[in-house]
Amino acid sequence: MPGWQSSNRKISAHRKYRKLDSLDTKERGRTMLTYMQKPLDVQEKWYLVNAEGKTLGRLAARVAGMLRGKHRPTFTPHVDMGDHIVIVNAEKIHLTGNKMATKLYRHHSGFPGGLKTATAQHVFQKDPTELLTKAIEGMLPKNPLGNHMAKKLRVYVGPAHPHQAQRPEPITL
């Protein structure tokens, strides 16, 4: 037997280099498995968020995390674990610095010369909920699961909303 295969060599304690044979697994007992939540076991809740005086990006990041379900201890990446979020007073959100005049929203029609550009101020004047919706949806996964998560977001101008029957729980972010 060559020197590097000698039977009396010291076995590394690092699990990456340590081979697990049947004797070792019997000594350890059961192995720990990662818990994966099943879609049928998810219980969705409704939350109410007041956007008055909040900064756009900070609020969007917190809401996107809740739509994904990252606030739950049983978070599973491939399962829609998010809750329904109702945001009111979207017209009272603010951007830091001079971003309302300088931040640009672009989209392209796909045809040559089809680039459309609008400032945040123009988008905000046209529809105040659009800034918040675009910011949050941009932080969600770009796949069918992310599309399903985005449908759980509802943004309204003013303090009134039509979801009183769901009894959303007010939270501060």
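This is a predicted model: local features need pLDDT of at least 70, side-chain atom pairs count only at pLDDT 80 or more; totals for chains, interfaces and linings use all residues.
The protein has six helices and six strands. Read from the N terminus, these elements come in the order α-β-α-β-α-β-β-α-α-α-β-β. Of the 173 residues in the protein, 34% are buried.

Four of the strands come together as an open sheet, lined up as β5-β2-β1-β6, and the pairing is parallel. At the edges stand β5 (153-155) and β6 (169-171); each has a single partner strand, so one side of each has no neighbour in the sheet. Going from one strand to the next, the twist averages 25°. Inside this sheet, β1 (residues 46-50) and β2 run parallel and are joined by five bridges.

Five of its five residues are buried, so β2 is largely enclosed by the rest of the structure. In a regular strand, side chains alternate between the two faces of the sheet. In β2, His84, Val86 and Val88 point one way, while Ile85 and Ile87 point the other way, and all of them are buried.

Among the helices, α2 (residues 56-68) is a handy one to trace. Helix α2 has 13 residues and spans 18 Å from its first C-alpha to its last, close to the 18 Å expected at 1.5 Å a residue. Quite a few of its residues are tucked away: Leu56, Leu59, Ala60, Val63, Ala64, Gly65, Met66 and Leu67 are buried. Just after α2 comes Gly69, which takes a positive phi of about 95°.

The remaining two strands, β3 and β4, run antiparallel and are joined by five bridges. Here His107 has Lys116 as its bridge partner in β4. The two strands form a hairpin with six residues between them, and in this hairpin Gly110 takes a positive phi near 100°. Thr117 belongs to strand β4. Although Thr117 and Arg106 are eleven residues apart along the chain, their C-alpha atoms are separated by 4.6 Å.

Both of these residues show up again in the second largest pocket: its lining is made up of Tyr105, Arg106, His107, Lys116, Thr117, Ala118, His122, Val123, Lys126, Asp127, Glu130 and Lys134. The bridge partners His107 and Lys116 are in that lining too. About 190 Å³ of space lies in this pocket. Which elements supply at least two residues each of the lining? They are β3 (104-108), β4 (115-119), α4 (120-126) and α5 (128-137). By residue type, the lining divides into six charged, three polar and three nonpolar residues.

Methods: Residues are numbered from 1 along each chain as its sequence is written. Side-chain values use heavy atoms; hydrogens and water are left out. On a 1 Å grid over the protein atoms alone, a cavity is a set of points where a 1.4 Å probe fits but cannot get out, and a pocket is an open set with protein on both sides within 12 Å along at least five of seven lines; lining residues have an atom within 4 Å of a point. Grid points are joined across faces, edges and corners, and a volume is the space filled by probe spheres set on the points. Ala, Val, Leu, Ile, Met, Phe, Trp, Tyr, Cys and Pro count as nonpolar, Asp, Glu, Lys and Arg as charged, and the others, Gly among them, as polar. The expected span of a helix is 1.5 Å times one less than its number of residues. Buried means under 20% relative accessible area, exposed over 50%, partly exposed in between (1.4 Å probe, protein chains only). Two strands pair if DSSP finds at least two bridges between them. Axes are lines fitted to C-alpha atoms, for helices over the stretch in contact, and angles run from 0 to 180 degrees between N-to-C directions.
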